[in-house]
Amino acid sequence: MTKKPVSKPAVTDAAENAAETVVPDNVTEFPGFSAQKFEIPDQVREIAEQGVEQAKHTYETFKSAAEEATDMMEDAYENARKGFVDLNLKAIENAQSNTDRVFAFAKQFVTAKSISDAVELQTKFAREQFETFTSQAKDMQELATKVASESSAPVKDIWEKTQEKMKVA
(Lines give C-alpha, C1' and ligand atoms only; values in the text may rest on other atoms or scores of the structure.)
Protein backbone atom coordinates (compact mmCIF):
# COMPACT_ATOMS: atom_id res chain seq x y z
CA MET A 1 0.00 0.00 0.00
CA THR A 2 1.21 3.39 -0.86
CA LYS A 3 0.52 6.46 1.18
CA LYS A 4 -0.98 9.47 -0.50
CA PRO A 5 0.35 12.89 0.45
CA VAL A 6 -2.07 14.97 2.54
CA SER A 7 -2.80 18.41 1.17
CA LYS A 8 -3.40 21.52 3.30
CA PRO A 9 -7.05 22.50 3.51
CA ALA A 10 -8.18 25.66 1.75
CA VAL A 11 -9.32 27.16 5.09
CA THR A 12 -5.72 27.59 6.14
CA ASP A 13 -5.09 29.77 3.12
CA ALA A 14 -8.16 31.87 3.89
CA ALA A 15 -7.06 32.29 7.50
CA GLU A 16 -3.61 33.42 6.37
CA ASN A 17 -5.18 35.94 3.99
CA ALA A 18 -7.49 37.30 6.74
CA ALA A 19 -4.52 37.87 9.02
CA GLU A 20 -2.90 40.00 6.34
CA THR A 21 -6.06 42.07 5.67
CA VAL A 22 -5.45 45.78 5.36
CA VAL A 23 -7.72 48.04 7.45
CA PRO A 24 -9.16 50.98 5.47
CA ASP A 25 -8.35 54.53 6.63
CA ASN A 26 -11.93 55.35 7.68
CA VAL A 27 -12.05 52.46 10.20
CA THR A 28 -10.47 52.89 13.62
CA GLU A 29 -8.33 50.01 14.60
CA PHE A 30 -8.59 48.87 18.20
CA PRO A 31 -5.70 47.28 20.00
CA GLY A 32 -6.23 43.63 20.89
CA PHE A 33 -7.27 42.77 24.40
CA SER A 34 -5.33 40.24 26.34
CA ALA A 35 -6.77 38.57 29.41
CA GLN A 36 -3.37 38.75 31.03
CA LYS A 37 -3.14 42.53 30.65
CA PHE A 38 -6.74 43.32 31.73
CA GLU A 39 -7.14 43.71 35.51
CA ILE A 40 -10.24 44.73 37.43
CA PRO A 41 -9.56 47.59 39.84
CA ASP A 42 -9.82 46.71 43.53
CA GLN A 43 -12.68 49.17 44.11
CA VAL A 44 -14.76 47.62 41.34
CA ARG A 45 -14.02 44.16 42.69
CA GLU A 46 -15.07 45.21 46.22
CA ILE A 47 -18.29 46.78 44.94
CA ALA A 48 -19.09 43.64 42.97
CA GLU A 49 -18.41 41.43 46.01
CA GLN A 50 -20.61 43.66 48.18
CA GLY A 51 -23.36 43.43 45.57
CA VAL A 52 -23.13 39.65 45.53
CA GLU A 53 -23.22 39.50 49.34
CA GLN A 54 -26.24 41.83 49.45
CA ALA A 55 -28.01 39.73 46.82
CA LYS A 56 -27.30 36.55 48.83
CA HIS A 57 -28.59 38.20 52.00
CA THR A 58 -31.74 39.45 50.28
CA TYR A 59 -32.34 36.03 48.71
CA GLU A 60 -31.95 34.31 52.09
CA THR A 61 -34.35 36.81 53.70
CA PHE A 62 -36.98 36.27 51.00
CA LYS A 63 -36.47 32.51 51.08
CA SER A 64 -36.83 32.42 54.88
CA ALA A 65 -39.96 34.59 54.76
CA ALA A 66 -41.48 32.38 52.05
CA GLU A 67 -40.73 29.20 54.01
CA GLU A 68 -42.24 30.66 57.19
CA ALA A 69 -45.28 31.85 55.28
CA THR A 70 -45.71 28.40 53.76
CA ASP A 71 -45.49 26.72 57.17
CA MET A 72 -47.96 29.17 58.68
CA MET A 73 -50.35 28.74 55.76
CA GLU A 74 -50.24 24.99 56.22
CA ASP A 75 -51.11 25.48 59.90
CA ALA A 76 -53.90 27.90 58.99
CA TYR A 77 -55.37 25.43 56.49
CA GLU A 78 -55.18 22.66 59.09
CA ASN A 79 -57.00 24.87 61.62
CA ALA A 80 -59.65 25.70 59.01
CA ARG A 81 -60.05 22.01 58.14
CA LYS A 82 -60.56 21.09 61.80
CA GLY A 83 -63.02 23.94 62.21
CA PHE A 84 -65.06 22.85 59.20
CA VAL A 85 -65.08 19.28 60.48
CA ASP A 86 -66.46 20.55 63.80
CA LEU A 87 -69.04 22.65 61.94
CA ASN A 88 -70.15 19.66 59.86
CA LEU A 89 -70.33 17.40 62.92
CA LYS A 90 -72.51 19.98 64.67
CA ALA A 91 -74.79 20.15 61.61
CA ILE A 92 -75.09 16.35 61.58
CA GLU A 93 -75.82 16.33 65.32
CA ASN A 94 -78.56 18.95 64.83
CA ALA A 95 -80.07 17.03 61.93
CA GLN A 96 -80.10 13.82 63.94
CA SER A 97 -81.70 15.57 66.93
CA ASN A 98 -84.34 17.19 64.72
CA THR A 99 -85.12 13.88 63.02
CA ASP A 100 -85.51 12.15 66.40
CA ARG A 101 -87.93 14.88 67.53
CA VAL A 102 -89.96 14.57 64.33
CA PHE A 103 -90.33 10.81 64.78
CA ALA A 104 -91.27 11.25 68.46
CA PHE A 105 -93.88 13.83 67.43
CA ALA A 106 -95.23 11.57 64.69
CA LYS A 107 -95.59 8.75 67.22
CA GLN A 108 -97.52 11.01 69.59
CA PHE A 109 -99.59 12.52 66.78
CA VAL A 110 -100.91 9.19 65.52
CA THR A 111 -101.96 8.22 69.04
CA ALA A 112 -103.97 11.43 69.58
CA LYS A 113 -107.50 10.69 70.82
CA SER A 114 -109.15 13.69 69.23
CA ILE A 115 -108.62 16.47 66.72
CA SER A 116 -108.12 18.99 69.51
CA ASP A 117 -105.35 16.78 71.00
CA ALA A 118 -103.73 16.54 67.56
CA VAL A 119 -103.89 20.33 67.08
CA GLU A 120 -102.46 20.86 70.56
CA LEU A 121 -99.60 18.41 69.88
CA GLN A 122 -98.92 20.09 66.53
CA THR A 123 -98.87 23.57 68.08
CA LYS A 124 -96.58 22.44 70.91
CA PHE A 125 -94.25 20.69 68.45
CA ALA A 126 -94.09 23.71 66.13
CA ARG A 127 -93.26 26.05 69.04
CA GLU A 128 -90.57 23.69 70.37
CA GLN A 129 -89.08 23.21 66.91
CA PHE A 130 -88.99 26.96 66.32
CA GLU A 131 -87.12 27.44 69.62
CA THR A 132 -84.80 24.54 68.81
CA PHE A 133 -84.06 25.82 65.30
CA THR A 134 -83.38 29.30 66.70
CA SER A 135 -80.98 27.89 69.27
CA GLN A 136 -79.29 25.65 66.71
CA ALA A 137 -78.90 28.54 64.25
CA LYS A 138 -77.32 30.66 66.99
CA ASP A 139 -74.92 27.84 67.92
CA MET A 140 -74.00 27.28 64.26
CA GLN A 141 -73.43 31.00 63.74
CA GLU A 142 -71.15 31.18 66.81
CA LEU A 143 -69.21 28.13 65.68
CA ALA A 144 -68.88 29.46 62.11
CA THR A 145 -67.66 32.82 63.44
CA LYS A 146 -65.13 31.05 65.66
CA VAL A 147 -63.88 28.93 62.73
CA ALA A 148 -63.60 31.99 60.49
CA SER A 149 -61.66 34.03 63.05
CA GLU A 150 -59.37 31.14 64.00
CA SER A 151 -58.70 30.40 60.33
CA SER A 152 -58.10 33.99 59.26
CA ALA A 153 -55.98 35.12 62.23
CA PRO A 154 -52.90 33.08 61.21
CA VAL A 155 -53.21 34.35 57.62
CA LYS A 156 -53.27 37.93 58.89
CA ASP A 157 -50.21 37.21 61.07
CA ILE A 158 -48.40 35.64 58.12
CA TRP A 159 -49.09 38.68 55.98
CA GLU A 160 -47.87 41.12 58.63
CA LYS A 161 -44.69 39.15 59.41
CA THR A 162 -43.87 38.75 55.73
CA GLN A 163 -44.36 42.48 55.14
CA GLU A 164 -42.01 43.29 58.02
CA LYS A 165 -39.33 40.95 56.68
CA MET A 166 -39.62 42.45 53.20
CA LYS A 167 -39.19 45.96 54.62
CA VAL A 168 -35.99 44.89 56.38
CA ALA A 169 -34.61 43.28 53.22
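In which helix is the place of glutamine 136? Select this residue to begin, and it will be found in helix α3, where helices (H or I, at least four residues) and strands (E, at least two) are DSSP runs numbered from the N terminus. The model is predicted, so that local features need pLDDT of at least 70 and side-chain atom pairs count only at pLDDT 80 or more, while totals for chains, interfaces and linings use all residues. Residues are numbered from 1 along each chain as its sequence is written, and side-chain values use heavy atoms, with hydrogens and water left out.

Stay with glutamine 136, which counts as buried at 11% relative accessibility; buried means under 20% relative accessible area, exposed over 50%, and partly exposed in between, with a 1.4 Å probe and protein chains only. Now show its surroundings: leaving aside neighbours within four places in sequence, glutamine 136 is in contact with Asn94, Ser97, Asn98 and Arg101, contact meaning heavy atoms within 4.5 Å.

Next, select the aromatic residues. The structure holds 2 aromatic pairs, and in the one formed by phenylalanine 105 and phenylalanine 109 the ring centres are 5.4 Å apart with the planes at 40°, so the pair is tilted. Rings of Phe, Tyr and Trp (its six-membered ring) pair if their centres lie within 6.5 Å, and planes under 30 degrees apart count as stacked, over 60 as edge-to-face and the rest as tilted. Both phenylalanine 105 and phenylalanine 109 lie in helix α2, 4 residues apart, about one turn of the helix. Phenylalanine 109 is partly exposed, with a relative accessible area of 37%, whereas phenylalanine 105 is buried, at 12%.

Phenylalanine 125, like phenylalanine 105, is buried.

Finally, clear the selection and view the whole chain. The protein has 3 helices and 0 strands, following the pattern α-α-α along the sequence. Of its 169 residues, 12% count as buried, and among contacts between residues at least 6 apart in sequence, 82% join residues at least 24 apart.
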